[in-house]
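Subject: Structure handover

Hello,

Here is the structure we talked about. Please look it over before reading my notes below.

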Amino acid sequence: MGYKIVDKKQLNDVVYLMDIEAPRVAKSAKPGQFIIVIIDQKGERIPLTIADYDVQRGTVTIVFQIVGDSSKKLSKLEIGDSIKDFVGPLGRPSDFVDEDIEAIKKKKIIFIAGGVGAAPVYPQVKWMHENGIDVDVIIGARSKDIVIFEDKMRAVAKNVYMCTDDGSYGFHGNVTMLLDDLVKNQGKQYDEAIVIGPMIMMKFACLATKKLNIPTIVSLNTIMVDGTGMCGACRVSVGDDIKFACVDGPEFDGWLVDFDEAMKRQTMFKTEEGRKSLRKSDGDTHSNPNCKIGGSH
Amino acid sequence: MAINPVKVPVREQEAKVRATNFEEVCYGYNAEEAMEEAKRCLNCKNPKCVQGCPVSISIPEFIQEVKAGNFEEAAKVIAKSSSLPAVCGRVCPQETQCEGVCVVGIKGDPVSIGKLERFVADWSRENNIDLTGNIEKNGIKVGIVGSGPAGLACAGDLAKLGYDVTVFEAFHESGGVLTYGIPEFRLPKEKVVNYEIDSIRKLGVKIENNVIVGRTITIDEMIEEEGFKAVFIGSGAGLPSFMGIPGENANGVLSANEFLTRVNLMKAYIDDYDTPIRVGKHVAVVGGGNVAMDAARTALRLGADTHIVYRRSEEELPARVEEVHHAKEEGIIFDLLTNPKEIHVDENGNVCGLTCVKMELGEPDDSGRRRPVEVPGSEFRIDVDMVIMSLGTKPNPLIASTTPGLDVDKRRCIVADEDGLTSLEGIYAGGDTVTGAATVISAMGAGRVAAAAMHKYLKEKYL
């Protein structure tokens, strides 16, 4: 039972790649979508990016960073092990999937990936490549040793521009500084930007693209439970509307997203540290010791 | 012989004790109590109770078997009409269905049909009674979307008729609202829900979890690529509503669906489960339906003092009387004729208060209930650190939007005729996805009606 791990690679200190056997998901997956995994019987539902999919092999590639107990537990599983549940594809595919190819070809598109964001950017750029569309990609990271997916991206993008915060590789600076440099100093023009990375990076990228007047799509990594639209844990303010990232997104017009609110919501119980502090601050209402729960389980 | 006008009381866990645990509130009848209660049934020639039951169980017939102590026979009578008797005996609003029309109820208490059904179902589980019978397979594939009460009832009936039934379920656990929504203290999961789902599996029904119809597979693919000859859509109404008031996206404002899913499905209240939950010390649950009661009583069990905030009066509460009674006994505070206006948020984005306004009842509205009207200048603030929105749910548009030709109405409910047939040949639908949020038993009834119609259709076309 379960979904078998058929390949596993460690991409840097805290980022792992796995190929999971899930033929139904592989067959239906499109760029822009995500999946949810549950590792074991007591596991939580964790939304993860689809980094690639292979219909022939019936596999879906996931890339994840260790941020808490669940992702740590997942990273310890090996090839041949299985995870209990693997659900998807979830969310709406990227808009371009249904657009006219010739119309897309006329646009100059730049993808901007921050950190692990290179993984979800990859299937989008690959889709562009397979449809004969040239795009540019910026990959940004804190430093050289945590860059992922560079070679894969170079194989499908026209130009790949690298940048690191500490200057250890490529352009010295963050993705918005590099974008500024490309547009202002290197004569690049873009009609659309697609930005995927940490929430704070997407926020600042949007402020930058607004100044440069490049309409921008972002992919939101909110807290999720079911991922099918039935709970609203993932809700975000987009313009005047409340949207559920899992069904209305995860991609939205970046200029309209209320990032400050989204970032506050994201911190709700993101890490085990957070949960421990919750336990401390909320005391017995976090899990009531007088509550004789579990007796019937 | 005179009929006792008073029903045999049912044993319950004491309110103070149960408010701190998730064990079942109601213990149900034992054999002696059940036989005693069964004596109160008049065995009517033209039983009104059967008409009141959405799946038309032969109620007097099974009660006569209980009266004689033939519990296995009673279980067989019920099994002819219901695939989930232990569930329905617990969660049906009997007061508006079978018991509401019971003749004995005219001069005294109606016969406790629900508690008797529950007794028979629990007894047959405890005694491992096999109600499967012999099924002759016909090899025709039928697909069911959703493993809630509608889908399970439809699947059970079609399997008994010999069909090769596969249920596709988006969640990792089956049961729909029985599993993620209704709490353990009203409907035990392992003992009751999982057991009844296993009984349906024993009929040969396959349940494929983690399949989201509309995303993982479409209905067209089910028909064209996987060889299903007919499909029943029982995907429910799971999309929560919010009020649209300021502060609603603050940390600590949840839909009842999220709260109950974290607790019931993900077992967030048990420490070694990985799903986190954050329960405030002072919780307001907005709404007055059964889901609101479930959410409030769950928050209370997790240690919070809990308010129900409802804009109409007690009389209009849509929740079952029994649930409101239980909630009050346990110490839930009812703020009636009260409507939230604004949620206050602290600098970290957390809920820190709720401004409400007093309401009074005006003229009846479209639903026939008196419309609540704000009392000017009556704003007041209550200190809460968590708000649970329980304002009802709508059908998820995913299936309709990925199935060309499937008609929906303006509420996004799938349009189906009295047999459950949709605008597409061979595609049936029933339960909340057609009616909007309703009851477990009416969903089961719709599943059974559709199963009968699908059998008729498939028989003519393929048998």
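What follows covers the domains, one interface and the cavities.

This is a predicted model: local features need pLDDT of at least 70, side-chain atom pairs count only at pLDDT 80 or more, and totals for chains, interfaces and linings use all residues. Residues are numbered from 1 along each chain as its sequence is written, chains are lettered from A and ligands numbered from 1 in the order written, and side-chain values use heavy atoms, without hydrogens and water.

Chain B splits into domain 1 (11–127), domain 2 (141–238 + 395–462) and domain 3 (242–392). The bounds come from an automatic or database domain assignment.

The interface is between domains 2 and 3 of chain B. Their C-alpha centres lie 30 Å apart. Contact (heavy atoms within 4.5 Å) joins 13 residues of domain 2 to 13 residues of domain 3. About 1100 Å² is buried between them, 56% of it on carbon and sulfur atoms. Buried area is the accessible area (1.4 Å probe) that two parts lose on being put together, summed over both. On the domain 2 side, Tyr180(B), Phe185(B) and Arg186(B) lose the most, together 51% of what that side buries.

The rule finds 2 salt bridges across this interface (a side-chain nitrogen of Lys or Arg within 4 Å of a carboxyl oxygen of Asp or Glu). Arg186(B) also forms a salt bridge with Glu323(B), with the closest N and O atoms 3.6 Å apart.

There are 6 cavities of 30 Å³ or more. A cavity is a set of points on a 1 Å grid over the protein atoms alone where a 1.4 Å probe fits but cannot get out; lining residues have an atom within 4 Å of a point. Volume is the space filled by probe spheres set on the points, which are joined across faces, edges and corners. The largest cavity holds about 160 Å³. Of its 16 lining residues, the closest to the centre are Cys26(B), Arg90(B), Arg118(B), Arg186(B) and Glu322(B).

Best wishes

Technical notes. 1 Å grid on protein atoms, 1.4 Å probe; cavity = no way out; pocket = protein on both sides within 12 Å on 5 of 7 lines; lining within 4 Å.
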